[in-house]
Amino acid sequence: MENGKSWKPNKPTSRGATDYHEAVADSSWNHECLDPIIEIANNTVKDGDILVDFGAGTGTSAEKLLKKINHKINLWLVDNSPAWLGKAYEVLSSKENVDFFLLEKKENIFSTLSETVGKSSVNHVLSANTMHLIPNLKEAFTGIQEAIRPGGKFIFNTGNVLREGRDEGILMLDSTVYRVHDIAIDLIKNNDEFEKYRKNIDDKVKFFDTQRKFVFPLPRPKEDYENALKAAGFKDVKTTYHQYKLKYSDWIKFLKIRRLQAGILPEIGGTTPSPEEAKDREDIIIKSAEILFKELETDNKFADDKSYLGEWAYFEAVKPKPSNNSGRIALVTGASRGIGKAISLELAKDGVNVIVNYRSDQTEAEKVVEEIKSLGVESICLKADVSKYEEVEIMINNIKEKYGKIDILVNNAGIVKDRSLKNMTLEEWNDVINTNLNSVFYTTKLSLPLLKEGSRIVSISSIVGLYGNFGQCNYAAAKAGIIGFSKSLAKELGKKDITVNVVAPGFVKTDITKGIPFVKKKVINYMTTLKREADAEEIAAAVAFLASDKASFITGTVLNVDGGLAF
Ligand code: NAP
């Protein structure tokens, strides 16, 4: 990642992207289109927030957002066109607080925002005049919703929307493009200057319909946007309208963008016009626009000889903060990194407040706490070596004083000290048994008074506890011990409606497996049905399920999360 940027172009900026940038950057309609978005943003964002400019194109909106948002923001520019984003990169990559992301195409569908920048990774998403181009609104909105942190906003506008109550004289941006097209076709049919394009013109109009609608899609009712926002999980959906004067001189600049002309009048030259066709196409488009302006001047009460009145619709929606589980408290041991960290974040996404236990690395533990808080729930970290009874006792007393209860206990902390039994020292045996097994006894026993009806205990064992593994007698004994312990405790606590379960991961990409030699990793992956190691999040998902209300009738069970590993 050169320059610290997440995406960078591998081609020089295209002429088309520069033309577009120049035509739009200084036009007053572009400025006015962004003003209401900026006003909402200025009332919403805080210093340090990450904002996404979705559909950032060549960076014209981003330049303005950076100038006019009066907070220290980080701005991420996201687009699906490498050519356009390349121009944005040329203009803005020198700025420290700006980053770039490309929506990759997979099997004809572009990846969503959350697939591109990660779930719950940004504070707010803004988007200027892009959403009407997206065919599947629900899918795009879901990706945006998933990428936003709870409480964050999604604000976008479009000039291409149908709604009741708008005065006929107030125009949609794209409807004037459709009119330019129709006038152009009339010119071809009736003006001898353009006779050479007359042959089969009606068939061509039909043939190129799809191409035109791809660049300038037909407007959708405003309810389509609102319903898609709600279906994607947004709430507090609000729609407002702002009128603006669109200057004919700015509109002509826009109509001169060659790339857009393929959408305005594809009947001449399609996507690859000859130089002559390109010139004629532009002449006809400009002539048609001038005819349109005259029409407007005489027939439209809001138009004069310099401009017409257009309208933008603005949509605003909030990603709700989780509330279903709110008030629940989880203690996750060994949560400063690896699987414990992933479990803590997954629980936080379900609205659970998380206590992050760690042994040594306070800085990392505090970072996890901050990440959890950004998901809209409470979090603290507590230092305790869980292999030591006294330290666990102090930690649990702290929790008792502060929260008075534990709803979810996750026994996750663990270490390895691998050696064949012949060479294993007493210290290596004791360290692993104390950290991986005795800790489960200490933490669970001391937590018992804080666990009320409906609480959950989930402990992390390993497939090694089920099948054994060369060089891991100590680890396998501890992990098998966790299974026996949990099955017995499930029987003891069943009458209190407390469930006790075990997750047995296979091989997971964390620090603990970093030491496994490359060849052995290959063998492990080969033996795993899914032919890979797990990500920590895949283990966390299973833990979060067992900790949730959905798993209310599951107890005393061992859930293998091992990708089908066959020993
Ligand atoms: P990891 O990346 O090494 O993280 C281990 C975590 O446990 C760290 O946060 C560490 O904190 C903490 N910890 C270690 N000893 C502790 C102690 N005495 N008191 C409090 N915290 C302690 O390991 P991981 O892969 O996430 O493993 C998590 C659990 O999953 C372990 O029980 C492990 O046995 C099990 N597991 C892992 C795999 C795998 O392939 N990764 C497979 C099966 C099972 P400090 O940094 O402060 O020491």
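The questions and answers below concern this predicted model, going from the whole chain to single residues.

Me: How many helices and strands does the chain have, and what share of its residues count as buried?
Reply: The C-alpha trace of this predicted chain spans about 100 × 50 × 40 Å along its principal axes. Its secondary structure comes to 21 helices and 18 strands. With under 20% relative accessible area as the limit for buried, the share of the 567 residues that count as buried is 53%.

Me: How far apart are the C-alpha centres of domain 1 and domain 2?
Reply: The domain assignment of the chain places domain 1 at residues 15-318 and domain 2 at residues 329-561. Between the C-alpha centres of these two domains the separation is 49 Å.

Me: What covers the buried residues of helix H4?
Reply: In helix H4, which runs over residues 82-92, the buried residues are Trp-84, Leu-85, Gly-86, Lys-87, Ala-88, Tyr-89 and Leu-92. Leu-85, Ala-88 and Leu-92 are also among the residues touched by Leu-77. The elements that cover the buried residues of H4 include helix H1, helix H3, strand S2, strand S3 and helix H12.

Me: Which side chain of opposite charge is nearest to Asp-562, and how far away is it?
Reply: Asp-562 lies in the segment after strand S18 (558-561), where it touches Ile-463, Pro-505, Gly-506 and Thr-528, leaving aside residues up to four places away in sequence. Its side chain reaches the backbone nitrogen of Gly-564 at 2.9 Å. A salt bridge requires the nitrogen and the carboxyl oxygen to be within 4 Å; buried Asp-562 has none, and the nearest side chain of opposite charge is that of Arg-532, at 11 Å.

Me: Which backbone nitrogen lies 2.7 Å from a polar atom of the side chain of Asp-407?
Reply: Asp-407 is found in the loop between helix H16 (389-402) and strand S15 (408-411), and it is buried, with a relative accessible area of 13%. Its side chain makes a polar contact with the side chain of Lys-405 at 3.0 Å. Residues that Asp-407 touches include Gly-327, Arg-328, Ser-455 and Arg-456, while the backbone nitrogen at 2.7 Å from its side chain belongs to Ile-329.

Me: Is Asn-129 buried or exposed, and what is its relative accessibility?
Reply: Most residues other than glycine have a negative phi. Asn-129, in the loop between strand S6 (124-128) and helix H6 (137-147), has a positive phi near 55°. Since buried means under 20% relative accessible area, Asn-129 counts as buried, at 19%.

Me: What is the relative accessible area of Asn-200?
Reply: Asn-200 sits in the loop between H7 and helix H8 (201-207), and its phi is positive, near 55°. It is partly exposed, with a relative accessible area of 47%.

Me: Which residue meets Lys-189 in a salt bridge?
Reply: The count of salt bridges comes to 38. Lys-189, in helix H7, is paired with a residue of helix H8 that is 13 residues apart from it. Lys-189 is partly exposed at 32% relative accessibility, and its partner, at 2.9 Å from N to O, is Asp-202.

Me: How far apart are the closest N and O atoms of Glu-370 and Lys-373?
Reply: Both residues lie in helix H15 (residues 362-373), three residues apart, about one turn of the helix. Lys-373 counts as partly exposed at 41% relative accessibility. Glu-370 and Lys-373 form a salt bridge, with their closest N and O atoms apart by 3.9 Å.

Definitions and conventions. Residues numbered from 1 in each chain as written. Predicted model: local features only at pLDDT ≥ 70, side-chain atom pairs only at ≥ 80, totals over all residues. Heavy atoms only, no water. Helix = DSSP H or I, 4+ residues; strand = E, 2+ residues; numbered from the N terminus. Buried < 20%, exposed > 50% of the residue type's maximum accessible area, 1.4 Å probe, protein only. Lys, Arg positive; Asp, Glu negative; His and termini not counted. Polar contact = N/O pair within 3.5 Å; in protein donor to acceptor, adjacent residues only side chain to side chain. Contact = heavy atoms within 4.5 Å. Domains from an automatic or database assignment.
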